Amino acid sequence: TLSLHDALPISQDWEACFDAGEQIQYMFRLGNYTILEESKNKSCGNLPYNSKKEIYKSSNYRITAQDSIYDEWDTEKILARQRKMAKYAKIVWKFE
């Protein structure tokens, strides 16, 4: 079963890469979400990104497996991924 996964969960301590304001600001951005098999989503839970990316590698969803290439998950990566997702959306839904 497909599920929506947030790489930066609100309950995880992400102070090394995000201050409190950034954490809230970036956690709800499109670039922070990916699709994942439900069982793998449950396994990810509130793990740190380095642990999650190992799970992402094994995903059957190519877009999620590609997320495992990042060494860390920070604002720059979220924004870059969001731009990539916007390009995909434009292609799929043919926005003018």
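The largest nonpolar core holds 14 residues, and those with the most contacts inside it are Leu8, Trp14, Phe18, Tyr49, Tyr56, Trp73 and Ile78. Such a core is a set of buried Ala, Val, Leu, Ile, Met, Phe, Trp, Tyr and Cys residues joined through side-chain atoms within 4.5 Å; buried means under 20% relative accessible area, exposed over 50% and partly exposed in between, with a 1.4 Å probe and protein chains only. Helix H1 (20-27) and helix H3 (49-57) are the elements that give two or more residues to this core, and H3 supplies the largest share, three residues. Helices (H or I, at least four residues) are DSSP runs numbered from the N terminus.

This is a predicted model: local features need pLDDT of at least 70, side-chain atom pairs count only at pLDDT 80 or more, and totals for chains, interfaces and linings use all residues. Residues are numbered from 1 along each chain as its sequence is written, and side-chain values use heavy atoms, leaving out hydrogens and water.

Now look at Phe18. Leaving aside residues up to four places away in sequence, Phe18 touches Leu8, Gln23, Tyr26, Trp73, Asp74, Thr75 and Ile78, where contact means heavy atoms within 4.5 Å.

Next come the rings. The whole structure contains three aromatic pairs. In one of them, Tyr70 and Trp73 are tilted, 5.7 Å centre to centre with 55 degrees between the planes. Rings of Phe, Tyr and Trp (its six-membered ring) pair if their centres lie within 6.5 Å, with planes under 30 degrees apart stacked, over 60 edge-to-face and the rest tilted. Tyr70 is buried at 15% relative accessible area, and Trp73 is buried at 3%. Ring pairs join Tyr49, Tyr56, Tyr70 and Trp73 into a cluster.
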